[in-house]
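Welcome to the tour! Keep your viewer open and follow along, one selection at a time.

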Amino acid sequence: MQESHEFYMGRALVEARKAFEEDEVPVGAIVVMKNKIISKGYNMVEKLQDPTAHAEIIALTAAFNFLGSKYLPEATLYVTVEPCLMCSGALYWSKIGSIVWGANDEKNGHRHFTNGSPFHPKTTLITGVMEEECAGLMKEFFRSKRN
């Protein structure tokens, strides 16, 4: 059965909530291939003391290990927030088939730093899936930091 983008973004939000609960910036990601979730990730920058431990990187690494491959042309990454420039580079090199994100990141998203798309030319982009829910979690997190 083919699940919807909203179904998979909901699963990425589950990962983002794990990050939120661990006092990490609440971004979650999953990789889907042939209607099956093959990997998951959420931000672990503070936990691992590693600025590269973004949700996308964690999910990509797990997918590469699961498949025994460094390329993901048949896979889709679902991520709750627009990928940053670092993650965009990793996604480019993975040759991932599709990227679906929820909320735009006007401050740190890849579009803030590039004039064009940093993704592989064959990668399909879908944006704004469950945007309000994804953005709301980020706003809640940063609001709690200001209080």
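Start by selecting Tyr78, which is buried, with a relative accessible area of 5%. Bear in mind that what you are looking at is a predicted model.

A search of the whole structure finds six aromatic pairs. In the pair of Tyr8 and Tyr78, the ring centres are 5.3 Å apart and the planes meet at 35 degrees, so the pair is tilted. Tyr8 sits in helix H1 and Tyr78 in strand E3, 70 residues apart, and the pair links these distant parts of the chain. Select Phe7 too: Phe7, Tyr8 and Tyr78 form one aromatic cluster.

Next, show helix H5, residues 131–146. Which residues of H5 are buried? They are Cys134, Ala135, Leu137, Met138 and Phe141. These cover an arc of only 155 degrees around the axis, which puts them on the same side of H5. What covers them includes helix H1, strand E3 and strand E4. Turn to the face of H5 pointing away from the buried side, and you will find the exposed residues Glu132, Lys139 and Arg146.

Phe20 lies in helix H1 and Phe141 in helix H5, so the pair ties together parts that are 121 residues apart in sequence.

For a last stop, select Lys95: it lies over the face of Tyr71, at 4.4 Å from the ring centre.

Conventions
Residues are numbered from 1 along each chain as its sequence is written. This is a predicted model: local features need pLDDT of at least 70, side-chain atom pairs count only at pLDDT 80 or more; totals for chains, interfaces and linings use all residues. Side-chain values use heavy atoms; hydrogens and water are left out. Helices (H or I, at least four residues) and strands (E, at least two) are DSSP runs, numbered from the N terminus. The expected span of a helix is 1.5 Å times one less than its number of residues. Buried means under 20% relative accessible area, exposed over 50%, partly exposed in between (1.4 Å probe, protein chains only). The arc is that of the directions from the helix axis to the C-beta atoms. Contact means heavy atoms within 4.5 Å. Rings of Phe, Tyr and Trp (its six-membered ring) pair if their centres lie within 6.5 Å; planes under 30 degrees apart count as stacked, over 60 as edge-to-face and the rest as tilted. A charge sits over a ring if NZ of Lys or CZ of Arg is within 6 Å of the ring centre and within 35 degrees of the ring normal.
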